[in-house]
Amino acid sequence: MALKRKNGRKLDELRPMSAEVGIIPNADGSAMFVFGKTVAIAAVYGPRMLHPQHMQNPETGILRVNYDLLSFSVEDRKKPGPSRRSQEISKVTELALLPAVDINEFKNTVIDVQIYILQANAGTRTAGINAASMALANAGIPMKSLITSVAVGKIDKELVLDVDDEEEHFEEGEGSTDFPIAKIYGTDEYSLMQMDGKLPPEMIPKALDMADEAFEKIYEVQKNALKSYVSGEDVK
Amino acid sequence: MKEFEDKNQEEFEDVGSEPSSRTIVVPGEIVSSGEDFLAGEGARREGNDIVASRYGLADKIGRVVKIIPFSGAFIPRRNNVIIGRVSDIVHSGWIVDIDYASNGFLPLMESPRFVNKNEMDQFLAIGDVVAAKVWNVSAKGIDLAMKGKGLGKLEGGFIFRVNPSRVPRIIGREGSMINLIKENTGCNVTIGQNGWIWVKGNDTDSELKARKAIEFIADKVLVSGLTDKMENWFKENK
Amino acid sequence: MSSMRTSNITKDTLRKMFLEGKRFDGRGMFDLKNFEVEYDVSYKAEGSARVRMGKTDVVVGVKMQLEEPYPDSPNKGNLMVSGDLLPLASPRFESGPPRFNAIELPRLIDRMIRESGMIDLSKLCIREGELVWTVMIDIYPINDDGALIDAASIGAVAALHNTVIPGIKEDRADYVNRTKDKLPLSDETIPITFTFYKLGSSLVLSPTREEEEACDAKITWGISKWNGKHMLNSCQKGEEIPFKKEEIIKIVETLPKLYDDTLKKLKKFLK
C-alpha cells in the first residue's frame, strides 16, 4: 500500500543535497544550501552596532533574521519587498536559530542573518535554516551545535520527507501536508515546528523519527562543507 | 535545557606549529570521549563527551581540549592594541571607530601635548587614524589610551583590514613573522588586534609588497612552517 | 567585514598611488576586472545569469508576463528593470527603504538597454493595444566589491541572451509549456556600461569597494553600436565632486576601444 512518489524517491528519501561555505566574501560568515532544486544562500554580519539605540538589549546580543525570495526564484514573479509570508518565515527562522547560539556576551549588538532564496522548489525555509546555520559557524559565532532542518510531509496517508513543489500540490485523498521542523543537532531541542494540512496525532512520533534520521544526513553535509572550506583554502 | 558557557580566547597565540595533532571541528561535533579530558575554551562537556562550541581547530594539550576558532568577532580586552579611525569630536575627546559594535573613546588628556578644546581637530581630525590601547571596557563604551611606544596618530601610509582571528599568524611566534615582513620591505607596520593594519614605507612598491605578504599569510589557516614559506615568498617576490 | 569609512591617510596614499598609475591589485588605471558569467541561477526564471567581476558578484533574472501595453506604445512590449542592493552583499547595505544607489542602479541599466535598441520590443506585441509581453529584469548584487553597475550591465545582457519566451494560454503566460523562442535581440548591438571614478585628478575604471569609497565622483556611460558605429546610449554622473571638461573627454575617448575589448570577452560567454 506504499505510496509511489512521482519523482521516484522512497518515502524517507531526501532530495540530493549540496552545500558550500564562504560564498560571500564581504560577510562575516556565509553559505549556500541546496535541497534538489531549492537553493538558499545566507550571510551573517555581526556582532555589529545596532541602530536605533532603543532596539539594543543591554543584557545580550540580538539575532535579527531577514528571509526573502528573489523575484525570479518563483514561477509567478514575486514583487520585490517583504511580504507577510517572508516576515513570518523570518521570525520563525530567528526562533529556530536563537537557542543554538551563545550571544549573551555581545551586549547591545545585533547579529544580522540574511537569507535569500535563489530558486524555490518547496522547502525554502528549511534550506534557509540549514544555510544560516553554516553561515553562523563560519562567522565564528559561539554555537551549541549546528541547526538542522527538514520538511516532513504527508501525501495522502503516507508520511514522506522533503516534499517538492509538485508533491506540495497533490490534492487527492488527504491531500498534501507540510510539516517543517528544525532541531539543534545532537540535542533534544526542536526549535522550529510548523504544520499545515491534515496529520493524525498518532503519526507525530514517526514524523519526528523520520526528521531525526534526516537531520543526521543534513549535519554531515553541513559539516563537510565547513571542513572542506578550510582545507580547500590552503592548497598553496 | 543545559546551560553552556563559552568564553572567547584570553591569549592570542600562533597556530602555526604542529597542525597534525589538530583536527577541524564544527559546533556540535564530539571531539573526545571519556572522563579523562577537560573542556577548555570553545568546548564543553556533554555527559561522556567533549563537544565543540566553535568552528575551528581542536587542540589537545595534556588533558585539556580547546578549540582555536577560524573566525570570530574581535572582542576588546584591556591592553589590546587597536587601530581606529576618528569618527567624531566631542568636547571631552574623540570618538574612534574601532570596527567593533561600540565605538572607542579617546579622552582629551590622552593627547601627547596640551590641546585646546577649540583646536582639537588640529591634533586629530575626523578621518585621522590612531594606534591606541584599550584601557577600559564598560557598558558605556571602550576607553582608549595613547601613551606608549608605537601608539599615537598614524601619519602617511595606509590602513587595511584582515580577519581579526588571523592576527596571531601575522604577528608570529614572538613577532617572528611581522619582523620578517618589516625586514624584507623596510616598512613600518603596526598591527591592531581588531584586524586593522597600518603600513608605511619609503615608497609605494614596498608598501604594496608588505600588504601583499600580510594578505598572503592571513589566507593560510592550516599551513605549517609558514615563516619558512614566507622567507621563500620574499625571495621569489623581490 | 567592516563598515569603517575611508581614513584620511588611506585616501592620501591612494591619491598618490593613482598619480603613479598604481593600484592595490596591480591593475592599470583603465583595466577592467576579469569577469566570468554563469547561467541558470534559477530555472524558474525565463533567463538568468550570474556575473563575477573580481570579487563583485551579481545575479540577474528575467521574468516575462503578459500585460497591457503602455498607452504611448500600443504595439510594443514593455521593459521593466528593478533590483535591490541586498543587505547580504555588504556591511553598508541595510534593510529598509532603498537608498539612492539602490534606486539608481536599475534605472541606469534600464536606460542602457532601452536606448541601445537591444530588444526589439515591437516583436513582443501579441494584440495591438491589448496584450504584449513585459520583460522584467531583476538585478541583485550578492557581494559588493565595487563597480556594481558594470557587473550588473553584463549580467543583464547575459540574462537576456539566456531568456526563453513562455507559452501563452488564454492570454496568460504559460510557464509550463514554454516556446523554444529566445527574445528578439539585436545581433549587432550589445550595450555595456563603464563607470569611471575620480580621486583628485586621477581617473580609475572598475574600482574595488576600497577604491570606490575613497573616490570623490563617478560617471557611468552606456555604450553600444548603432548601424555599425559606436554610440553612447546613457550617462549618469554621481557623487559630490564635479568633473572637468578634459576629464570627461578623456574618459569618452577610451570608450570605443574599451567597448570592443570587453565585448570580445563577453561574447565568449553569450550563447
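Select B:Leu38 and B:Val64 first: B:Leu38 stands opposite B:Val64 in strand β7 of chain B. The model on the screen is a predicted one.

**The four-stranded sheet of chain B**

Four strands form an open sheet in chain B, in the order β1-β6-β7-β3, and the pairing is mixed. Which strands stand at the edges? They are β1 (22-25) and β3 (38-39) of chain B; each has a single partner strand, so one side of each is left without a neighbour in the sheet.

**The three-stranded sheet of chain B**

Remain in chain B and select β2, β5 and β4. These three strands form an open sheet in the order β2-β5-β4, with antiparallel pairing. The edges are held by β2 (30-33) and β4 (43-46) of chain B, each with a single partner strand, so one side of each lacks a neighbour in the sheet. Neighbouring strands of this sheet are turned against each other by 30° on average, direction ignored.

Four bridges link the two strands in the antiparallel sense. To find a facing pair, select B:Glu46, which stands opposite B:Asp49 in β5(B).

**From chain B to its neighbours**

Display chains A and B together. On the side of chain B, 25 residues are in contact with 28 residues of chain A. The residues of chain B that touch chain A divide into 14 nonpolar, six polar and five charged.

Then display chain C beside chain B. This contact takes 16 residues from chain B and 12 residues from chain C. Two elements to highlight in chain B are β14 (158-161) and α4 (204-219), each of which supplies at least two residues of the side that touches chain C. By class, that side of chain B has five nonpolar, four polar and seven charged residues.

**Strand β6 of chain C**

Move to chain C and select residues 131-143, which form strand β6. Of the 13 residues of β6(C), 12 are buried, so this strand is largely enclosed by the rest of the structure. Which strands are joined to β6(C)? Three of them can be selected in turn.

- Strand β3 (residues 56-67) of chain C is joined to β6(C) by 11 bridges, and the two run antiparallel. Here C:Gln65 stands opposite C:Thr134.
- Strand β4 (residues 78-83) of chain C is joined to β6(C) by six bridges, and the two run parallel. Here C:Gly83 stands opposite C:Ile139.
- Strand β5 (residues 125-127) of chain C is joined to β6(C) by two bridges, and the two run antiparallel. Here C:Arg127 stands opposite C:Leu131.

**Chain A as a whole**

How many helices and strands does chain A have? There are four helices and nine strands, and from the N terminus on they run β-β-β-β-α-β-α-β-β-α-β-β-α. The radius of gyration of chain A is 18 Å, close to the 18 Å that the globule rule gives for 236 residues, so chain A is as compact as a globular protein of that length. The C-alpha trace of chain A spans about 55 × 45 × 40 Å along its principal axes. Of the 236 residues of chain A, 56% count as buried.

Select residues 124-138 of chain A, which make up helix α2. This helix has 15 residues and reaches 21 Å from its first C-alpha to its last, close to the 21 Å expected at 1.5 Å a residue. Is α2(A) mostly covered or exposed? It is mostly covered, with 15 of its 15 residues buried. Select A:Gly140, which follows α2(A) and has a positive phi, near 80°.

Finally, select A:Tyr190, in strand β9 (residues 189-193) of chain A. A:Tyr190 counts as partly exposed, with 15 C-beta neighbours inside 10 Å. Leaving aside neighbours within four places in sequence, A:Tyr190 is in contact with A:Ile181, A:Ala182 and A:Lys183.

Technical notes: Residues numbered from 1 in each chain as written. Chains lettered and ligands numbered in written order. Predicted model: local features only at pLDDT ≥ 70, side-chain atom pairs only at ≥ 80, totals over all residues. Contact = placed C-beta atoms within 7 Å. Nonpolar A, V, L, I, M, F, W, Y, C, P; charged D, E, K, R; others polar. Expected span 1.5 Å × (residues − 1). Buried ≥ 20, exposed ≤ 12 C-beta atoms within 10 Å, placed from the backbone. Pairing = 2+ DSSP bridges. Axes fitted to C-alpha atoms, helices over the stretch in contact; angles between N-to-C directions. Rg over C-alpha atoms; globule rule 2.2 N^0.38 Å.
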